Amino acid sequence: EMESNGNIKMAQDNFRTGTSISSVFLWTKLLAYLRNTYIDFAVFLGGLFYVVRRLVAFLVCLCIILIAFSQMFFTVYRRNDVCPEPVTDTKTEEEKIMDLMCE
């Protein structure tokens, strides 16, 4: 959408998203440049990629276990004495944080 002075009107969230995607692209290009330029850096990145490839199965399993436990705790503690249902708006910051964690 164009403004009357010729500037493009863009939502702030769209700008942040575009900037973050551009940032990832630029850092990736920098790593590729360094990998192609310096042999020691290429060896380091090769070793790093090897380790990451070997750990993928472990990291996936770890994420599944973490999600499973978070689901179990969420189900067990939802709306009980530890996480009661919110009643009023006159709460302390700690109570508000606890309510957010329990919903």
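This is a predicted model: local features need pLDDT of at least 70, side-chain atom pairs count only at pLDDT 80 or more; totals for chains, interfaces and linings use all residues.

Trainee: What pattern does the protein chain follow along the sequence?
Mentor: The protein chain reads α-α-α. That comes to three helices and zero strands. Helices (H or I, at least four residues) and strands (E, at least two) are DSSP runs, numbered from the N terminus.

Trainee: OK, where is confidence lowest and highest in the protein chain?
Mentor: Lowest in helix α3 (residues 93-102), with a mean of 75, and highest in α2, at 91. The chain averages a pLDDT of 82, and 78% of the residues score at least 70. pLDDT is the predictor's confidence in each residue, from 0 to 100.

Trainee: New topic. At what angle do the axes of α1 and α2 cross?
Mentor: Roughly 120 degrees, and the axes of helix α1 (residues 12-37) and α2 come within 6 Å. Axes are lines fitted to C-alpha atoms, for helices over the stretch in contact, and angles run from 0 to 180 degrees between N-to-C directions. α1 and α2 are therefore oblique to each other. Under 35 degrees is roughly parallel, over 145 roughly antiparallel, 65 to 115 roughly perpendicular, and the rest oblique.

Trainee: Which residues meet there?
Mentor: From α1, Leu-31, Leu-34, Arg-35 and Thr-37. From α2, Ile-39, Phe-41, Ala-42, Leu-45 and Phe-49. Contact means heavy atoms within 4.5 Å.

Trainee: How many aromatic pairs does the structure hold?
Mentor: One. Phe-41 and Phe-44 form a tilted pair, 6.2 Å centre to centre, with 45 degrees between the planes. Rings of Phe, Tyr and Trp (its six-membered ring) pair if their centres lie within 6.5 Å; planes under 30 degrees apart are stacked, over 60 edge-to-face, the rest tilted.

Trainee: How far apart are they in helix α2?
Mentor: Three residues, so about one helical turn separates Phe-41 and Phe-44 in α2 (residues 39-77).

Trainee: Is Phe-44 buried or exposed?
Mentor: Exposed, at 52% relative accessibility. Phe-41 is partly exposed, at 23%. Buried means under 20% relative accessible area, exposed over 50%, partly exposed in between (1.4 Å probe, protein chains only).

Trainee: And what share of the 103 residues is buried?
Mentor: 5% in the protein chain.

How values were computed:
Residues are numbered from 1 along each chain as its sequence is written. Side-chain values use heavy atoms; hydrogens and water are left out.
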